[in-house]
Amino acid sequence: QLYFISSPVRSARPMTDNTMARVVALGEDRAMSPVEPVQMHCTGDKALKHAHTTTRRVTKIAGLALFVIIFLFSFFGWPSTVIEDETVHRKILAALFLTGIILVALEDVVRLDKSAIMLVLASVMWTYHAAFCHPLRSLEGHEEFSSELGKGLEDVGKVILFLLPAMCLVESIDHMKGFAVVTRFIVRCTKEKPGRLMPIVCVLAFFLSSLIDNLTATIVCIKILQRVVPHNQDWRHSCGGLVVVAANAGGAWSPIGDVTTTMLWVQHKISTAGIVVWTFLPSFVAGVVPLFGIWWQAKRCGPKCEDEAPEIDPPVASRNSKVVLVIGILCILMVPVVKMVTGLPPYLGMMMALGVFWLVSEMADLASEEEEEDEETGHEVQDELHGHKVGVPAALRNVDLSSLLFFTGVLMGVSALESAEVLANYSEFMRRVTKGSDMLLAVLIGVSSAVVDNVPLVQASIEM
């Protein structure tokens with residue numbers, strides 16, 4: 001006999017025929033309802049999410065485990081076949097570097113910062129190389145290791161000492177509102193016709209990246225876009241994608257426009273006049289041609305919100321802002337000019353440029369407006385330990401040191417590969433694959449840079 005319990009308080013009573021019919025109908029409805037597919041769909045999502053999490057953890061653990069194992073082998077000097085054998089030594093160094101590059105490429109997946117990965121990678125590679133040279137056991141090994149490490153530090157130091165003052169100089173210009181002049185011009189030009197924004201930022205990113213490095217130019221243009229188009233995210237993202245393309249293209253025809261061109265320039269592999277004459281037109285084509293495709297695809301995003309877009313007040317471009325922008329650009333342009341005339345190394349020229357800008361900004365009191373704004377907003381109350389800083393000292397706090405540390409780790413890792421002659425073997429391999437064709441070699445390096453970071457590729461190709 002079937003019973004139906006309606007409530008915990010009420011006693012059970014036998015079902016009537018009508019009640020039984022309703023229960024059967026309810027059961028049929030449930031059988032025909034899409035509950036099971038929904039449950040299966042939810043189960044599939046959970047399984048997919050679990051697989052993604054597992055893959056991320058396995059990749060992270062496997063990569064870091066390799067670093068730890070090689071470090072322990074180097075620390076204890078065992079097993080000897082791993083430490084002493086030259087062929088095994090080169091293969092392990094190459095495997096370490098490829099593992100680090102893969103972890104960097106999967107940064108968003110494994111959720112590990114690329115700067116931390118490359119710093120650990122460079123340290124482990126040089127520790128392993130030190131165990132191979134035995135600097136503590138023999139005088140010959142000590143001299144060999146010191147010479148190789150000194151050469152690596154010299155090459156890396158030239159690039160880092162160039163990038164650090166360059167990033168400080170550009171950040172100082174931005175902090176002292178030097179780019180407000182450019183932002184005001186763009187706001188006025190796009191006020192009536194928002195469609196003009198994309199070609200304007202394309203040209204701006206292309207030429208700005210040739211004066212400052214393409215990474216900083218991209219950051220500056222993104223800041224301008226956030227100010228000019230705060231209301232339309234789709235249109236802003238489309239313009240931001242074009243900024244990345246134009247900035248990379250613009251940095252290719254200038255010796256100070258990209259880390260790789262700076263590396264070649266510092267190593268005296270290219271000249272200022274040569275790179276400008278031979279690569280300006282190809283870079284211009286690579287930066288401008290994508291404009292038409294992206295503009296055509298994204299044009300529907302801009303005009304939709306023209307009527308609904310709030311009116312944007314252009315930022316105030318004061319006299320000090322204009323002076324800061326002009327002095328900053330002149331200081332940056334001074335670097336290649338001084339090198340061509342006097343032969344001064346680029347990193348010393350950029351250090352001098354930052355020092356000159358710093359002194360002029362303080363002597364001319366270009367940060368006075370910043371002090372007035374702080375007084376109005378009540379920001380003058382600072383930590384007693386640091387005091388109240390304006391101008392260049394205040395801008396130095398915002399410098400992207402993470403990117404600088406990433407480049408340091410990459411270059412130090414590449415110098416370890418160079419010391420173990422891994423790069424020489426790789427260069428010979430590429431020569432055999434391309435059969436001596438410069439065009440095929442350039443194509444191979446270009447395609448590889450889409451997968452692997454371009455900094456190690458350029459470092460590997462410098463001695464070709």
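Here are some questions and answers about how this predicted model is described.

Q: What makes up the protein, in helices and strands?
A: There are 21 helices and 2 strands. The protein has 464 residues, and 41% of them are buried.

Q: Why is Val 266 called buried?
A: Val 266 has a relative accessibility of 4%. The cut-off for buried is under 20%, so Val 266 counts as buried.

Q: Where is Val 266, and what is it in contact with once neighbours within four places in sequence are left aside?
A: Val 266 sits in helix α12. With those neighbours left aside, Val 266 is in contact with Lys 158 and Pro 346. Val 266 and Pro 345 are also worth a look: they are 79 residues apart in sequence, yet their C-alpha atoms are 7.2 Å apart in space.

Q: Why is Leu 348 called partly exposed?
A: Leu 348 has a relative accessible area of 35%. Buried would need under 20% and exposed would need over 50%, so Leu 348 lands in between and is partly exposed. You can find Leu 348 in helix α15, which covers residues 346-363.

Q: How far apart are Leu 348 and Phe 162, in sequence and in space?
A: They are 186 residues apart in sequence, and 7.4 Å apart in space from C-alpha to C-alpha.

Q: How do you know what share of the contacts in the protein join residues at least 24 apart?
A: Take the contacts between residues at least 6 apart in sequence: 73% of these join residues at least 24 apart.

Q: What is the largest nonpolar core made of?
A: This core has 102 residues, and Leu 197 and Phe 357 have the most contacts inside it. Its largest share, 12 residues, comes from helix α7, residues 139-175.

Q: Which residues is Phe 357 in contact with, leaving aside its neighbours within four places in sequence?
A: The list is Leu 169, Ser 172, Ile 173, Met 176, Val 324, Ile 327, Gly 328, Cys 331 and Val 392.

Q: Why are helices α9 and α13 called roughly antiparallel?
A: Helix α9 (residues 197-211) and helix α13 (residues 272-298) pack at an angle of about 155°, with axes 10 Å apart. Angles over 145 degrees count as roughly antiparallel, so α9 is roughly antiparallel to α13. Residues making this contact include Met 198, Phe 206 and Phe 207 of α9, and Phe 280, Leu 291 and Trp 295 of α13. The crossing is right-handed.

Q: Why are α9 and α11 called roughly parallel?
A: Their axes cross at roughly 30° and come within 7 Å, with α11 covering residues 233-251. Angles under 35 degrees count as roughly parallel, so α9 and α11 are roughly parallel to each other. Among the residues making the contact are Leu 197, Val 201 and Ala 205 of α9, together with Trp 235, Leu 242 and Gly 250 of α11. The crossing of α9 and α11 is right-handed.

Q: What makes Arg 111 and Glu 421 stand out?
A: Most residues other than glycine have a negative phi. Arg 111 is not a glycine but has a positive phi of about 60°, and Glu 421, also not a glycine, has a positive phi of about 65°. Arg 111 is in the loop between α5 and α6, while Glu 421 is in the loop between α18 and α19.

Q: Why is Arg 111 called exposed, and why is Glu 421 called partly exposed?
A: The relative accessible area of Arg 111 is 59%. Exposed means over 50%, so Arg 111 is exposed. Glu 421 has 44%, which falls between 20% and 50%, so Glu 421 is partly exposed.

Q: How do you know that the bond joining Trp 78 and Pro 79 is cis?
A: Look at omega: it is about 0° for this cis peptide bond. Most peptide bonds are trans. Pro 79 lies in the loop between α2 and α3.

Note on methods. Residues numbered from 1 in each chain as written. Predicted model: local features only at pLDDT ≥ 70, side-chain atom pairs only at ≥ 80, totals over all residues. Heavy atoms only, no water. Buried < 20%, exposed > 50% of the residue type's maximum accessible area, 1.4 Å probe, protein only. Core = buried A, V, L, I, M, F, W, Y, C linked by side-chain atoms within 4.5 Å. Contact = heavy atoms within 4.5 Å. Axes fitted to C-alpha atoms, helices over the stretch in contact; angles between N-to-C directions. Parallel < 35°, antiparallel > 145°, perpendicular 65-115°, else oblique. Left-handed = near helix turned anticlockwise from the far one by under 90°.
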